[in-house]
Amino acid sequence: MPLSEACAEPIAVAAAAEEQPGSDGLQRDWHRAMLVVALTIIALSFVLMVRDDQRVAFVGFAAAALPESCGMRIFFQRDCPACGLTRSFIYLAHGDVSNSISVHRFGWLLAAGVLLQLPYRWLALRNPALSLSHRAAIWIAGLFVALFLANWIYEQLAGISYRT
């Protein structure tokens with residue numbers, strides 16, 4: 001599935017949940033799914049490690065690096081706007097703020113956004129009236145995308161690559 005379709009599907013589900021009267025079940029399912037995603041990201045940040053060659057592996061299994069997951073890096077040997085986020089989250093989970101920032105300047109900001117999902121989704125599940133509007137959610141996501149794209153353009157123009 002192309003990335004554009006993968007990104008559009010959750011947005012379409014969220015929009016459908018907001019626009020349909022009596023769709024509390026769909027909205028609750030969405031909040032529950034996003035809570036599970038946030039918990040999974042946080043848990044993986046603690047059980048993964050960054051090797052000296054900047055590849056990622058499970059703690060205790062450093063010899064078996066996980067495969068490269070960035071299509072842009074695989075096919076074009078270029079960093080994408082999200083390159084370094086996984087490593088940034090892992091470094092943060094292990095208390096290494098300096099390396100976290102060095103692999104992705106805004107990884108800490110996205111990590112904070114993921115952490116904020118925990119109380120937000122929990123509260124939204126308990127009281128659906130506390131959910132953000134669809135418009136607010138799109139604006140927040142758009143700000144993150146714009147920030148990451150601007151950072152990526154700057155890095156491309158400056159010749160910065162975080163991959164050794």
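Trainee: Where is Q54 placed in this model?

Mentor: In the loop between strand 1 and strand 2. Keep in mind that the model is a predicted one.

Trainee: Why is Q54 counted as buried?

Mentor: The relative accessible area of Q54 is 12%, and buried means under 20%. The value falls under the cut-off, so Q54 counts as buried. Its backbone deserves a note as well: phi of Q54 is positive, about 70 degrees, although the residue is not a glycine.

Trainee: Which loop holds Q77, and what is its phi?

Mentor: Q77 sits in the loop between helix 3 (71-76) and helix 4. Its phi is positive, about 55 degrees, and Q77 is not a glycine.

Trainee: Is Q77 buried or exposed, and how do you know?

Mentor: Its relative accessible area is 53%. Exposed means over 50%, so Q77 is exposed.

Trainee: What makes V59 partly exposed?

Mentor: V59 has a relative accessible area of 45%. Buried would require under 20% and exposed over 50%. The value lies in between, so V59 is called partly exposed.

Trainee: Where is V59, and which residues does it touch?

Mentor: V59 is in the loop between strand 2 and helix 3. Leaving aside residues up to four places away in sequence, V59 touches F46, V47, L48, M49 and H94. For V59 and V47, the separation is 12 residues in sequence and 5.6 Å between C-alpha atoms.

Trainee: How many helices and strands does the protein have, and in what order do they run?

Mentor: There are seven helices and two strands. From the N terminus the order is α-α-β-β-α-α-α-α-α. The protein has 164 residues, of which 27% count as buried.

Trainee: What describes the packing of two helices?

Mentor: The angle between their axes and the distance between the axes.

Trainee: Why are helix 2 and helix 6 called roughly antiparallel?

Mentor: They pack at an angle of about 150 degrees, with axes 9 Å apart. Roughly antiparallel applies to angles over 145 degrees, and helix 2 and helix 6 therefore qualify. The crossing of helix 2 past helix 6 is left-handed.

Trainee: Which residues form that contact between helix 2 and helix 6?

Mentor: From helix 2, R28, W30, H31, R32, M34, L35, A38, L39, I41 and I42; from helix 6, V114, L115, Q117, L118, Y120, R121, A124 and L125. By class, the contact has 13 nonpolar, two polar and three charged residues.

Trainee: A38 belongs to helix 2. How do you know that A38 is buried?

Mentor: Its relative accessibility is 3%. The limit for buried is under 20%, so A38 counts as buried. With residues up to four places away in sequence left out, A38 touches V114, Q117 and L118. A38 and V114 are 76 residues apart in sequence, and their C-alpha atoms are 5.7 Å apart.

Trainee: What makes helix 2 roughly perpendicular to helix 4?

Mentor: Their packing angle is about 70 degrees, and the axes are 8 Å apart. Roughly perpendicular covers 65 to 115 degrees, so the pair of helix 2 and helix 4 is roughly perpendicular. I41, S45 and F46 of helix 2 meet F89, I90 and A93 of helix 4. This contact divides into five nonpolar residues, one polar and no charged.

Trainee: Why is helix 4 called roughly perpendicular to helix 6?

Mentor: Helix 4 and helix 6 also pack at an angle of about 70 degrees, with axes 9 Å apart. The range of 65 to 115 degrees includes that angle, so helix 4 is roughly perpendicular to helix 6. L85, S88, F89 and L92 in helix 4 meet G107, W108, L110, A111 and V114 in helix 6. The classes here are seven nonpolar, two polar and no charged.

Trainee: Which residues of helix 4 are buried, and what do they pack against?

Mentor: In helix 4 (residues 85-93), the buried ones are L85, R87, S88, F89, I90 and Y91. They pack against helix 2, strand 1, strand 2, helix 5, helix 6 and helix 7. After helix 4 comes G95, whose phi is positive, near 80 degrees.

How values were computed. Residues are numbered from 1 along each chain as its sequence is written. This is a predicted model: local features need pLDDT of at least 70, side-chain atom pairs count only at pLDDT 80 or more; totals for chains, interfaces and linings use all residues. Side-chain values use heavy atoms; hydrogens and water are left out. Buried means under 20% relative accessible area, exposed over 50%, partly exposed in between (1.4 Å probe, protein chains only). Helices (H or I, at least four residues) and strands (E, at least two) are DSSP runs, numbered from the N terminus. Contact means heavy atoms within 4.5 Å. Axes are lines fitted to C-alpha atoms, for helices over the stretch in contact, and angles run from 0 to 180 degrees between N-to-C directions. Angles under 35 degrees count as roughly parallel, over 145 as roughly antiparallel, 65 to 115 as roughly perpendicular and the rest as oblique. A crossing is left-handed if the near helix is turned anticlockwise from the far one by less than a right angle, and right-handed if clockwise. Ala, Val, Leu, Ile, Met, Phe, Trp, Tyr, Cys and Pro count as nonpolar, Asp, Glu, Lys and Arg as charged, and the others, Gly among them, as polar.
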